[in-house]
Amino acid sequence: MIKITNKSDEKLSFTTDMSINLINAIRRSANQIPILAIDSLEISKNDSALYDEIIAQRMGLVPLKNEDLRLPKDCDCGKEEGCGKCSIKFKLSAKGPSIVYSDQLSPKGNVLFKMPITILDEDQEIEFVAVAKMGLGVEHAKFAPGIIYYKYADDADDENDEAYRKLVTESKKDAKKEIIVNIESWGQIKAKEIFTEAIEVLNKELKQLLKEVK
């Protein structure tokens, strides 16, 4: 049983009486949903105050619009830099004085949020090529689609938790059986899709396990 209390592209909240074990299995499976993220940078010029490694780390955390690409391990190109079937190349070139933002990546359209990357003073420049690939959250946090967390309904703060306020009319005995589940998306896919795709991943693994047992 699921009762939805909050639904948007960014967040999905519901109360449920499903077992903690099942919720945890779904939560872990979310980190096996393929997500697009910048995986490597070839920096040809960086006059900013930040080291190349910091620039690369910040770019890896920029949420990108998910694309229908293959995971590198499933692509037959055999190229470390990938190909058009498993990767996307971006370029960025900027001169100071200015603040360099993530939406300055070219081609346009894949960056979901305008995020500051670094600051350039006068006569400073930065130039790099970024390669984005599909990956899994179990491999690196930058590939995580979002976060799933939960708590028992009777532990909720009735002043701040909307889901708890919808439960106050029920008996305390019933409320103790209920769990409040929250799913928040980083933007690559909708919160509802994190939930449904995590279930699909879990179901696929269980089918494979059953097949191996037989």
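Visitor: What is the relative accessible area of cysteine 83?

Guide: This is a predicted model, in which local features need pLDDT of at least 70 and side-chain atom pairs count only at pLDDT 80 or more, whereas totals for chains, interfaces and linings use all residues. Residues are numbered from 1 along each chain as its sequence is written, and side-chain values use heavy atoms, with hydrogens and water left out. Buried means under 20% relative accessible area, exposed over 50%, and partly exposed in between (1.4 Å probe, protein chains only). Cysteine 83 counts as buried, with a relative accessible area of 18%.

Visitor: How many disulfides does the structure hold?

Guide: A disulfide is a pair of cysteine sulfur atoms within 2.5 Å. The cysteine sulfur closest to that of cysteine 83 belongs to cysteine 75 and is 3.5 Å away, which is too far for a bond. For cysteine 86, also in no disulfide, the nearest cysteine sulfur is that of cysteine 75, at 3.7 Å. The number of disulfides is zero.

Visitor: Which elements do the buried residues of α2 pack against?

Guide: Helices (H or I, at least four residues) and strands (E, at least two) are DSSP runs, numbered from the N terminus. In α2, residues 52-60, the buried positions are Ile55, Met59 and Gly60; they lie on the same side of the helix because they cover an arc of only 135° around its axis, taken from the directions to the C-beta atoms. An α-helix has 3.6 residues a turn, so residues three or four places apart point the same way. With contact meaning heavy atoms within 4.5 Å, the buried residues of α2 pack against β3, β6 and β7.

Visitor: Is glutamate 53 buried or exposed?

Guide: Glutamate 53 lies in helix α2. Its C-alpha atom is separated by 9.2 Å from that of leucine 41, 12 residues apart along the chain. With 59% relative accessibility, glutamate 53 counts as exposed.

Visitor: What is the relative accessible area of asparagine 110?

Guide: Asparagine 110 is placed in the loop between β5 and β6. Beyond four places in sequence, asparagine 110 touches residues including Leu36, Leu64 and Phe90. Asparagine 110 is buried, with a relative accessible area of 9%.

Visitor: Which strands stand at the edges of the open sheet of four strands?

Guide: The strand order is β1-β2-β9-β8, with antiparallel pairing, where two strands pair if DSSP finds at least two bridges between them. Each edge strand has a single partner, so one side of it is left without a neighbour in the sheet; these strands are β1 and β8.

Visitor: At about what angle does helix α1 run to β8?

Guide: Axes are lines fitted to C-alpha atoms, for helices over the stretch in contact, and angles run from 0 to 180 degrees between N-to-C directions. Helix α1, residues 20-29, lies across β2, β8 and β9. Its angle to β8 is about 170°.
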